[in-house]
Amino acid sequence: MRAGPLSDSKVIDLLNRYFVPVTMPNEAADPSGERGRIRGEFAEKKLGLGDVHVYVIGPDRAAIAGMDIGSALDTGKQTAFLTGVVDRLHVAPGPPVFAPHPQAAAPEVEPGAPAIHLFSRKLIPERTWNEFPSENWIVLSRQEWEQVLPPAGTALHATWQIPQPVAVKLAQWVYPQTEETHQENRSRVNLADFRMTLVEVQGPLGRARIDGKVQLTHSFYPGRPSNDTAASELVGFADFDLTARQVRRFRMVTRKAQYQDTPFGCALVSVSRETIDSQR
């Protein structure tokens, strides 16, 4: 049975008041040997271990308690586990050690070249993978953004295509969350078709409708060749300044998207350098 929002909030409250949550990627470099030390101590004390596992350690780095991922996904068991640790150690509550902050930091971009924030999520309400959204940042150079603009002399309601090199950069992240161990793309883009239609012009300012189709091959697990596919139809718009030769705003969302047999939704939203700088 899926846990409701009230029971989920109890776990979040316990973590915020009594613990300092820390994550570590499976493939992370570990020059200090700390990850190996923790696993070794948990194995020695028979507290359980695994690549996906809850490890509770004290301020002195000593192993205290462990919980397998299957049990941790049960909100009742997770609540009892965390409460038990708090009671056993007589931990005093306090405010979160770290303020909320983005998990995917915005990249540096050129002036006049906004970054694209991509957000994707499976649409089936199910535990583990389907519950969690994923996000990425797509960076286009100023020269690449200019290729999104309408060619000189484009008439109202005329259509043009985003050139393939730029279209592929937009398409290669259009899939839901999968297991990742490195920040590099491993998609094979089979189709990246983004057609722009000029729908409005007011002086130097214009707006274009975007109709897109994406088909790519992307294995769920890294290092395991497969024919897993993601197919999407997208719609959106772009606002631009023809005098400054700049795209001011770029938005796309999936109208229909499926990864293997699972529907998903994806949004691509441009974020200006000014907005990025103001949030640092």
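Two strands count as paired if DSSP finds at least two bridges between them. Helices (H or I, at least four residues) and strands (E, at least two) are DSSP runs, numbered from the N terminus. By that reading, β9 (residues 246-259) and β10 (residues 262-271) run antiparallel and are joined by five bridges. Within this pair, Y259 has T262 of β10 as its bridge partner.

Please note that this is a predicted model, in which local features need pLDDT of at least 70 and side-chain atom pairs count only at pLDDT 80 or more, while totals for chains, interfaces and linings use all residues. Residues are numbered from 1 along each chain as its sequence is written, and side-chain values use heavy atoms, with hydrogens and water left out.

Let me turn to the sheet. Eight strands form an open sheet with antiparallel pairing, in the order β4-β3-β10-β9-β8-β7-β6-β5. Because β4 (134-139) and β5 (159-161) stand at the edges with a single partner strand each, one side of each is left without a neighbour in the sheet.

I come now to the interior. A nonpolar core is a set of buried (under 20% relative accessible area, 1.4 Å probe, protein chains only) Ala, Val, Leu, Ile, Met, Phe, Trp, Tyr and Cys residues joined through side-chain atoms within 4.5 Å. The largest such core has 38 residues, and F250 is among those with the most contacts inside it. Strand β9 supplies the largest share of this core, five residues.

Which residues does F250 contact, leaving aside its neighbours within four places in sequence? With contact meaning heavy atoms within 4.5 Å, the partners include W145, V148, F237 and L268.

Terms used: Buried means under 20% relative accessible area, exposed over 50%, partly exposed in between (1.4 Å probe, protein chains only).
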